[in-house]
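Please walk through this model with me, one site at a time.

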Amino acid sequence: MNDVGIGATIARERRAEGVTQAQLAERLGVTKAAVSKWELGQSLPDVALLPRIAAYFGISLDDLFAFRPQLAEDEVRDVYLELCRLFAEDADAAYARMDELVRDYASCWSLLMQMASLYSQRSLVEPERAEELLDRTCSLAERVEANADDVELVRSARVVRALVISQRGGMDEAIALLEGVKPARPLGIEGMLAGLHSMRGEREACLKLCQEMLFWGEMNVMQSIGMQLALYTEDPAHLAALLRAAEGVMEGFDVEEVNPMEAATFCGSAATACLRAGDEEGALSYLERFVGLLKRFDLDGLLFPRRSALFDLVPELAETDVEREQATADTLFGGLDMRGQCKLAVTGDAAWERVADDPRFRPLLDRLAAA
């Protein structure tokens with residue numbers, strides 16, 4: 001951990017001013033080699049020179065020191081788990097701890113994004129404080145977006161802001177934000193890299209990239225199909241094609257066993273789409289599968305995906321960090337009836353009212369209510 005970045009600050013400010021190392025050295029009364037060592041982090045300026053250096057560049061001593069305490073990724077994870085446990089015991093103490101962390105690690109961008117995520121999650125659990133918590137979420141995301149030099153963190157921060165803005169009804173602004181980070185078309189970088197690794201005989205590197213593409217591809221396909229189902233209820237041929245494509249993915253990736261929540265989400269959406277399209281047999285079939293999944297798996301089983309042979313080289317993507325996800329579930333879903341939310345996503349659609357007393361549907365709807 002390199003918290004004090006005097007050398008990097010001197011190098012940055014010197015270049016911004018168009019000053020050479022020799023010119024700066026002459027101004028400060030030191031050798032060019034001394035300035036070079038400062039910038040390389042091999043030594044530090046004498047303490048008596050620090051005010052002169054800061055004044056020369058017109059910056060404060062704090063800016064010169066560029067003191068930015070950081071946490072490693074595993075430390076950020078531990079902090080998150082600590083806060084989840086604390087929320088279960090004393091929410092006020094947890095918020096106070098978050099304030100302290102944001103103040104003490106004001107430039108640890110990964111931590112700030114984690115805090116933003118936690119504020120957003122808590123806004124669902126504490127609707128009476130939702131606006132305040134969403135304000136905090138946006139404030140942290142804006143800080144990360146404006147200052148972080150990690151492209152993925154900046155993109156994540158913008159996505160978080162867009163989600164909050166959309167929750168508040170700002171659809172046009174949210175769309176503009178997301179359009180700004182969406183590439184015009186897939187770049188195919190992973191495929192190119194995989195091919196290059198294959199040509200060099202680097203089998204595992206090639207396979208790992210292929211598995212990454214497969215993992216995100218499956219998720220994107222199922223998400224895309226799920227979004228389209230409700231939009232094609234007036235087009236039976238297109239709806240059937242979507243369902244056929246999804247069934248291929250479900251079978252090929254063994255989704256019902258590996259990721260029951262994804263399977264339940266699809267079956268619930270498919271049941272409602274079929275019902276709205278007038279395909280009551282299809283609706284019955286998908287509703288039965290939906291109820292079966294909710295009855296078969298407890299909350300942990302639904303929330304936490306299982307290991308798949310297809311993704312053995314990318315466990316960081318495919319295997320759940322159970323301790324972390326359990327803490328998230330306890331913090332977020334402890335205040336929500338998650339199983340009830342799953343049911344409501346299906347039966348909350350008005351289309352189900354017309355079959356509420358149908359003898360074909362009634363037994364399944366009763367089982368769903370009891371699940």
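In which helix does S110 lie? S110 belongs to helix 8, which runs over residues 109–125. Keep in mind that this is a predicted model. Is S110 buried or exposed? Its relative accessible area is 16%. The cut-off for buried is under 20%, so S110 counts as buried. Beyond its neighbours within four places in sequence, S110 is in contact with E73, V76 and L153. With E73 there is also a polar contact: the two side chains are joined at 3.2 Å.

Next comes E256. This residue sits in helix 15, a run covering residues 255–258. E256 has a relative accessible area of 26%, so E256 is partly exposed. Not counting residues up to four places away in sequence, E256 touches M250, A263, R289, L293 and F297. R289 takes part in a polar contact as well, side chain to side chain with E256, at 3.0 Å. P305 gives another reference point. E256 and P305 are 49 residues apart in sequence. In space, their C-alpha atoms are 9.8 Å apart.

Which residues surround it in contact, leaving aside neighbours within four places in sequence? They are L287, T347, W352, V355 and A356. For A93, the separation from L365 is 272 residues in sequence. The C-alpha to C-alpha distance of L365 and A93 is 42 Å.

Now turn to the charged pairs. How many salt bridges does the structure hold? There are 25. One of them pairs R136 with D99, at 3.4 Å from N to O. This pair links distant parts of the chain. R136 has a relative accessible area of 24%, so R136 is partly exposed. D99 is partly exposed too, at 36%.

Another salt bridge joins the side chains of R103 and D104, at 3.8 Å from N to O. R103 is exposed, with a relative accessible area of 58%. D104 is partly exposed, at 39% relative accessibility.

Then look at E280 and R360. Their side chains meet in a salt bridge at 2.2 Å, N to O. Why does this pair tie together separate parts of the chain? E280 lies in helix 17 (residues 280–296), while R360 lies in the loop between helix 21 (338–347) and helix 22, so the bridge connects parts that are 80 residues apart in sequence. E280 is partly exposed, with a relative accessible area of 22%. R360 is partly exposed as well, at 36%. The pair belongs to a network. Salt bridges with shared partners join E280, E281, R354, D358 and R360.

What about the cysteines? A disulfide is a covalent bond between the sulfur atoms of two cysteines. How many disulfides does the structure hold? The count is zero. C108 is in no disulfide, and the nearest cysteine sulfur, that of C84, is 17 Å away. The cut-off for a disulfide is a pair of cysteine sulfur atoms within 2.5 Å. C108 has a relative accessible area of 1%, so C108 is buried. C274 is in no disulfide either. Its nearest cysteine sulfur belongs to C267 and lies 10 Å away. C274 counts as buried because its relative accessibility is 1%.

The last stop is on the surface. Which residues form a nonpolar patch there? They are L187, I189, L193, L196 and M199. Together they have about 520 Å² of accessible area. L193, one of these residues, lies in helix 12, which covers residues 189–199. The relative accessibility of L193 is 37%, so L193 counts as partly exposed.

Definitions and conventions
Residues are numbered from 1 along each chain as its sequence is written. This is a predicted model: local features need pLDDT of at least 70, side-chain atom pairs count only at pLDDT 80 or more; totals for chains, interfaces and linings use all residues. Side-chain values use heavy atoms; hydrogens and water are left out. Patches are made of residues with over 30% relative accessible area and no salt bridge: like charges are joined within 9 Å, nonpolar side chains (Val, Leu, Ile, Met, Phe, Trp, Tyr) within 5 Å. Accessible areas come from the Shrake-Rupley method with a 1.4 Å probe; for residues, only the protein chains shown count as cover. A salt bridge is a side-chain nitrogen of Lys or Arg within 4 Å of a carboxyl oxygen of Asp or Glu. Helices (H or I, at least four residues) and strands (E, at least two) are DSSP runs, numbered from the N terminus. Buried means under 20% relative accessible area, exposed over 50%, partly exposed in between (1.4 Å probe, protein chains only). Contact means heavy atoms within 4.5 Å. A polar contact is a pair of N or O atoms within 3.5 Å; within protein, one must be able to donate a hydrogen and the other to accept it, and residues adjacent in sequence count only if both atoms are side-chain atoms.
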